[in-house]
Amino acid sequence: PSRATLLFRAQARIVRLVKRFSERACFHANRRATFVCVSEGVAEEVREHYPELAQRVITIHNGVDTEMFAPGRRAAEARALRAKLGIADGQLVAAFVGSEWERKGLRPLIEALALAPGWCVLVAGAGDRQRYGELADSLGVAHAVHWLGVTSDVQLVYELADAFVLPSSYETFSLVSFEAAASGLPILGTPVNGVRELIRDGHNGFLISREAREIAERLRQLAGDPALRRRLGDNARQSALEFSWQEMVARHQELYTRLSHDSHV
């Protein structure tokens, strides 16, 4: 390796060491602190890396606005968006919401479209559109990928969709999966943090891998069984209600009350 490369590697190691030292300093600064994680998966990671803190790590899931994200609220607007995008009546729509497309799994989803021709996908978020557009074109599915870009109105994306697909390699909670579930969509997601606490396989969605063939198989299954789509979507909505903002606030209030009591003991 060149001298510049060796220098870069040395600097990177120093940065990692400083970062790790800073994390430990923060964790140990207050011996009475409680560390709140947004999913059981994140809590497990903290306990693994900092076993001495295990008894002070708890989980309070992020909350979802289950009133805003609810099925059927914007049906007319969804029909208008479908027409604007040129999506034919009856064609099934999968929603993909997120940036960092490589990590989130947009590639295997696009590859799955070639094996599940009854579906198109709405892509909401930022990424290398040229690269993924060329992939879709090479597979002959460019017409089935609709690029929405970054949008603050993801509620409308869920309203238009028939399923939500996120073959992500890592998440801390995946709020979009919970929003989609609250919107009444069957969830197809990898068993990453948060998602595996939401999905009961075959009950409110399907746990999938990042393999295009498996994703396509589940999409074809949903395409061939409208009753299954409705059942999974209804169950996803019910599951999401357990993660409402009200539940999150109540859990934090319980924590603050306990900590306040403990500080006076």
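Author: What follows sets labels against their cut-offs.
This is a predicted model, where local features need pLDDT of at least 70 and side-chain atom pairs count only at pLDDT 80 or more, while totals for chains, interfaces and linings use all residues. Residues are numbered from 1 along each chain as its sequence is written, and side-chain values use heavy atoms, with hydrogens and water left out.

Reader: Why is Ser-177 called buried?

Author: Buried means under 20% relative accessible area, exposed over 50%, and partly exposed in between (1.4 Å probe, protein chains only). Ser-177 has a relative accessible area of 2%, so it is buried. Ser-177 lies in helix α8. Helices are DSSP runs of H or I with at least four residues, strands are E runs of at least two, and both are numbered from the N terminus.

Reader: What does Ser-177 touch?

Author: Contact means heavy atoms within 4.5 Å. Leaving out residues up to four places away in sequence, Ser-177 touches Phe-164, Leu-166, Ile-187, Val-195 and Leu-198.

Reader: What makes α10 and α11 roughly perpendicular?

Author: Axes are lines fitted to C-alpha atoms, for helices over the stretch in contact, and angles run from 0 to 180 degrees between N-to-C directions. Under 35 degrees counts as roughly parallel, over 145 as roughly antiparallel, 65 to 115 as roughly perpendicular and the rest as oblique. Helix α10 (residues 212-223) and helix α11 (residues 226-240) pack at about 105 degrees, with axes 6 Å apart. The two helices are therefore roughly perpendicular.

Reader: Which residues of α10 and α11 meet?

Author: Gln-221, Leu-222 and Ala-223 in α10 meet Pro-226, Leu-228, Arg-229 and Leu-232 in α11.

Reader: How do you know that the span of α11 agrees with its 15 residues?

Author: The expected span is 1.5 Å times one less than the number of residues. For the 15 residues of α11 that gives 21 Å, and the end C-alpha atoms are 21 Å apart, so the values agree.

Reader: What do the buried residues of α11 pack against?

Author: They pack against β3 (92-97), α8 (175-182), α9 (195-198), β8 (205-207) and α10. Among these buried residues are Leu-228, Gly-233 and Asn-235.

Reader: Why do β5 and β8 stand at the edges of the sheet?

Author: Two strands pair if DSSP finds at least two bridges between them. 6 parallel strands form an open sheet in the order β5-β4-β3-β6-β7-β8. β5 (145-149) and β8 each have a single partner strand, so one side of each lacks a neighbour in the sheet.

Reader: How many bridges join β4 to β5?

Author: 4 bridges join β4 (residues 119-124) to β5. In β5, His-146 is the bridge partner of Leu-122.
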